[in-house]
Each structure stands twice: as C-alpha cells, then as structure tokens.
Amino acid sequence: MAIDWQTLRALLIDCPAGKETVVEDAVESRGISLDTAIISHWDADHYGGIIQIVDTLGVRSLRYNYDTFFDGTRGARALAVHRRLADDRYRHLEMGNAEEGAVGKIGNLSYTIAAPSRQTLHRALVHRDRNLASSVVFLEAHGSKIIVAGDADGRVWKALVDKGVSLNSDVLRWPHHGALTHTNQGLDSAALLHHVSPTHVIVSVGSQNRYRHPQEGFIETIRDSNSHVMCTEVTPLCHSLSAREVRQCAGTVSVRLRQGGGILITPSIPKHRSTIAGWAHPRCQA
C-alpha cells in the first residue's frame with residue numbers, strides 16, 4: 001500500500017484473501033482513505049481480498065485487466081469476482097485497465113503501469129499464462145522510485161528493456177515471491193538487478209509456501225550485488241522451523257519517500273541483520 005501523507009489517500013496493489021484486515025487496520029489506524037486499488041493479475045494470492053476491501057473501504061477507482069482464462073476452479077473464482085463487479089452496487093467505481101500506459105496521481109505520489117502491453121495480454125490469453133499478464137507498477141514521489149512487480153516473468157522484463165524503458169529504481173518488490181520464471185526467454189535475476197540497480201529488494205513470501213520460494217539462485221545473485229534483500233517471512237530453507245510455524249523475517253516493510261529526496265526503510269538494514277544473525281543458515285548472508 002502506497003500512501004500520500006499530504007492528502008491522506010492511499011493506493012493499494014493486490015491483496016490476497018485472508019489479509020483484508022491487515023489493509024483495513026492500516027487504513028483506519030492512520031485515518032486515511034483508499035483512493036485506488038490495482039489488481040496486478042488473476043492469481044488468488046493477488047486478487048483474493050480486493051473485493052472485500054472495495055466493499056469495506058469505499059475505493060474510488062479500481063484498475064484490472066480481464067482474466068486470461070476462466071475454466072477450472074481458479075478461473076471460476078476469478079469469474080465470480082467479475083460477476084460481482086457487474087452488479088449495480090459497484091456502479092460508483094471508476095474502473096480502468098491495469099496495462100501499459102495507465103497512469104495516475106494521488107497527491108505527490110504518481111503511478112505508471114509499464115506492463116503488460118495489449119499484445120502481451122493477447123499472448124497471455126492464447127498461452128493461458130497468467131504471469132505473462134501480470135502488471136508492473138512504477139511508483140514515484142520526490143524523485144525516488146519503487147517498482148511493484150506482481151508475478152511478471154523474465155519475458156516481461158526483457159520486453160520493457162527492449163522498448164528502452166528505464167527500470168532504475170530505489171526499491172524493487174521482487175516478482176513472484178522470489179522466483180523469476182522464463183529466464184531462458186527473457187531477463188534472468190542478475191540482468192534484472194543490473195537494470196534496476198535497487199538499494200533494497202523486498203520479497204513477499206510465506207513461511208509455508210509449497211513452492212520453496214524464494215529461489216536459491218536468486219538469493220545468491222542478491223548476495224553478489226549491492227542490494228539488500230528483505231523477505232517478509234522466514235522460510236525453512238533459512239531457519240529450522242517447526243511444522244506449520246510462521247515466523248517473520250523483515251515482517252511488514254515500510255518505505256518512505258522523503259520530500260527532500262531519498263528513502264527511509266523500516267526495518268533498517270542493521271535491525272534486519274540483527275534479526276537473522278542467530279539463525280542456523282540465513283541464505284541472504286554469505
């Protein structure tokens with residue numbers, strides 16, 4: 001969630017089912033209003049909680065692309081969301097696409113959606129590939145930039161570089177929970193880091209994810225760069241967790257874009273390093 005503190009309005013990018021109260025508490029405790037919500041793509045861990053947020057917080061604008069396919073259980077859930085949005089109770093919503101060229105401004109905070117292109121959305125539909133359809137959102141304020149990458153894979157990043165889009169950013173919310181796919185057809189982790197050159201890489205990942213995210217190779221690449229990686233939760237590959245145990249690593253990461261330029265990130269690098277110092281085998285440490 002990105003907040004402009006002068007107008008006390010916020011932008012939300014994605015919300016999984018079960019995390020709605022986290023967003024609601026963050027908004028209500030700060031006395032802010034949620035102006036815009038963006039659904040990066042139609043995987044449930046990205047869109048599952050958005051409708052409840054729209055219902056409870058009164059979002060002014062909602063941006064999304066149509067689903068890449070509706071068959072199967074996952075598709076049926078996404079179709080159910082579209083059916084709800086067709087109801088008259090949502091007629092007040094300003095709805096728009098979440099594709100290349102979409103822009104918006106909330107106070108001093110501006111956002112630009114750099115991907116997917118309309119052509120890429122067609123390819124995603126033909127190949128039934130939701131990650132190819134994922135939005136990439138640039139946030140900018142006071143000369144600093146954050147990239148929120150959804151599940152965009154290596155092909156998406158290569159297309160942006162080939163178009164001459166500058167990816168240079170202070171903070172990169174790494175795509176796909178620490179796993180960059182289709183690197184043989186696009187950019188790999190090292191190339192993406194080279195083009196973005198972030199001071200901080202944030203990985204949104206769950207302790208008990210069944211895909212063993214984040215990827216080992218990605219963590220090694222970060223260690224060889226000048227970026228500092230912060231995962232929201234610990235994985236069993238980093239620390240000996242008991243069955244079904246969930247433990248924070250960096251936890252909730254807050255990035256403030258200062259009016260005079262530069263960023264302030266919480267937790268700080270020293271605090272984050274002290275958290276993982278006593279772990280058995282933290283992978284982000286050499």
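**Entry 1. Arg9 and Asp35**

I looked up Arg9 in this predicted model and found that Arg9 forms a salt bridge with Asp35, with 3.0 Å between the closest N and O atoms. I then checked accessibility. Arg9 has 28% relative accessibility and counts as partly exposed. Asp35 counts as buried because its relative accessibility is 4%, and the cut-off for buried is under 20%.

**Entry 2. Asp35 and Arg60**

I followed Asp35 to a salt bridge with Arg60, where the closest N and O atoms are 2.9 Å apart. This pair links distant parts of the chain, 25 residues apart: Asp35 is in strand 3, and Arg60 is in the loop between helix 3 (50-57) and strand 4 (61-63). For Arg60 I noted 39% relative accessibility, which counts as partly exposed.

**Entry 3. The network**

I next recorded that Arg9, Asp35, Arg60 and Glu94 are linked in a network of salt bridges.

**Entry 4. Asp67 and Arg130**

I also looked up Asp67, which forms a salt bridge with Arg130; the closest N and O atoms are 3.2 Å apart. Asp67 sits in the loop between strand 4 and helix 4 (72-85), and Arg130 in the loop between helix 5 (118-127) and strand 8 (136-141), so this pair ties together parts 63 residues apart in sequence. I noted that Asp67 and Arg130 are both buried.

**Entry 5. Total**

Definitions and conventions
Residues numbered from 1 in each chain as written. Predicted model: local features only at pLDDT ≥ 70, side-chain atom pairs only at ≥ 80, totals over all residues. Heavy atoms only, no water. Salt bridge = Lys/Arg side-chain N within 4 Å of Asp/Glu carboxyl O. Buried < 20%, exposed > 50% of the residue type's maximum accessible area, 1.4 Å probe, protein only. Helix = DSSP H or I, 4+ residues; strand = E, 2+ residues; numbered from the N terminus.
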